[in-house]
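The sequence and the structure follow.

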Amino acid sequence: MLKPDSNKELLLRLKDSDVSGFNALFWKYHRPLYANAYKLVRNSELAEDIVQETFITLWEKRSTLDPDRDISGWLFVICYNKSVDQLKLQLKESLEQQRLHRSIEIATDINLNLFDLRMSTLEKAMDELSPQKRRVFELC
């Protein structure tokens with residue numbers, strides 16, 4: 001006989017698309033999953049999103065779950081993997097931002113060098129003008 005609301009019973013109900021079984025699992029594991037996700041990502045909103053995604057995965061995979069296996073371990077593994085994926089995404093975005101900033105710095109340096117080169121060329125050309133033509137150019 002299954003004890004009331006055991007994980008096995010909840011999984012059997014979940015496999016039958018019983019929303020109350022899903023809700024019971026959600027409230028049973030939400031807090032510990034959130035705590036684990038938060039330890040990894042150090043962001044409360046992101047940790048909450050990860051937990052939500054974990055339960056979405058649970059709902060989507062409900063028909064393939066084995067009621068004889070411990071669901072808590074499965075949930076924690078899914079949550080951990082989603083947290084790691086999020087950390088990888090953040091790292092990738094951070095590296096892209098660094099590359100972008102470096103590209104902007106390089107482009108700025110190139111533009112400054114081009115400006116200096118143009119000014120130098122202009123000054124040389126002005127030096128070759130007669131005093132009267134130079135005065136006219138400066139007044140323009």
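## A nonpolar patch on the surface

Helix 4 (residues 71–127) is the element that gives the most to the nonpolar patch, with three residues. Helices here are DSSP runs (H or I, at least four residues), strands are runs of E of at least two, and both are numbered from the N terminus. The patch lies on the surface and is formed by Phe115, Met119, Leu122, Leu129 and Phe137, which together have about 420 Å² of accessible area. Patches consist of residues with over 30% relative accessible area and no salt bridge; like charges are joined within 9 Å, and nonpolar side chains (Val, Leu, Ile, Met, Phe, Trp, Tyr) within 5 Å. A salt bridge is a side-chain nitrogen of Lys or Arg within 4 Å of a carboxyl oxygen of Asp or Glu. Accessible areas come from the Shrake-Rupley method with a 1.4 Å probe, and for residues only the protein chains shown count as cover.

Methionine 119 belongs to helix 4. Its relative accessibility is 34%, so methionine 119 counts as partly exposed. The classes are buried (under 20% relative accessible area), exposed (over 50%) and partly exposed (in between), with a 1.4 Å probe and protein chains only.

## Basis of the model

The model is predicted: local features need pLDDT of at least 70 and side-chain atom pairs count only at pLDDT 80 or more, while totals for chains, interfaces and linings use all residues. Residues are numbered from 1 along each chain as its sequence is written, and side-chain values use heavy atoms, with hydrogens and water left out.

## The largest nonpolar core

The largest nonpolar core has 20 residues, of which Leu25, Phe55, Leu58 and Ile71 touch the most other members. Two or more residues come from each of helix 1 (7–15), helix 2, helix 3 (44–60) and helix 4. Helix 2 gives the most to this core, with seven residues. A nonpolar core is a set of buried Ala, Val, Leu, Ile, Met, Phe, Trp, Tyr and Cys residues joined through side-chain atoms within 4.5 Å.

Leucine 58 is in contact (heavy atoms within 4.5 Å) with Leu14, Phe22, Leu25, Leu65, Ile71, Trp74 and Leu75, leaving aside its neighbours within four places in sequence.

Leucine 33 is found in helix 2, and its relative accessible area of 0% is why leucine 33 counts as buried. Not counting residues up to four places away in sequence, leucine 33 touches Val51, Thr54, Phe55, Leu75, Phe76 and Cys79. Leucine 33 and phenylalanine 76 are 43 residues apart in sequence, and their C-alpha atoms are 6.5 Å apart in space.

Histidine 30 also has its place in helix 2 (residues 19–41). With a relative accessible area of 15%, histidine 30 is buried. Beyond its neighbours within four places in sequence, histidine 30 is in contact with Glu48, Val51, Gln52 and Phe55. In helix 4 lies glutamine 86, which counts as buried at 18% relative accessibility. The contacts of glutamine 86, leaving aside neighbours within four places in sequence, are Leu46 and Ile50.

## Aromatic pairs

Five aromatic pairs are found in the whole structure. Rings of Phe, Tyr and Trp (its six-membered ring) pair if their centres lie within 6.5 Å; planes under 30 degrees apart count as stacked, over 60 as edge-to-face and the rest as tilted. The rings of phenylalanine 26 and phenylalanine 55 are a tilted pair, because their planes are at 55°, with centres 4.7 Å apart. This pair links distant parts of the chain, with phenylalanine 26 in helix 2 and phenylalanine 55 in helix 3, 29 residues apart. Both phenylalanine 26 and phenylalanine 55 are buried.

Tyrosine 34 and tyrosine 38 form a stacked pair, because their planes are at 20°, with centres 6.1 Å apart. These two tyrosines are separated by about one helical turn because they are four residues apart in helix 2. Tyrosine 34 is partly exposed at 24% relative accessibility, and tyrosine 38 is partly exposed at 33%. Ring pairs also link Phe22, Phe26, Trp27, Phe55 and Trp59 into a cluster.

## Positive phi in two loops

Most residues other than glycine have a negative phi. Serine 17, in the loop between helix 1 and helix 2, has a positive phi near 60°. Arginine 42, in the loop between helix 2 and helix 3, has a positive phi of about 55°. Serine 17 is partly exposed at 34% relative accessibility, whereas arginine 42 is exposed, with a relative accessible area of 58%.
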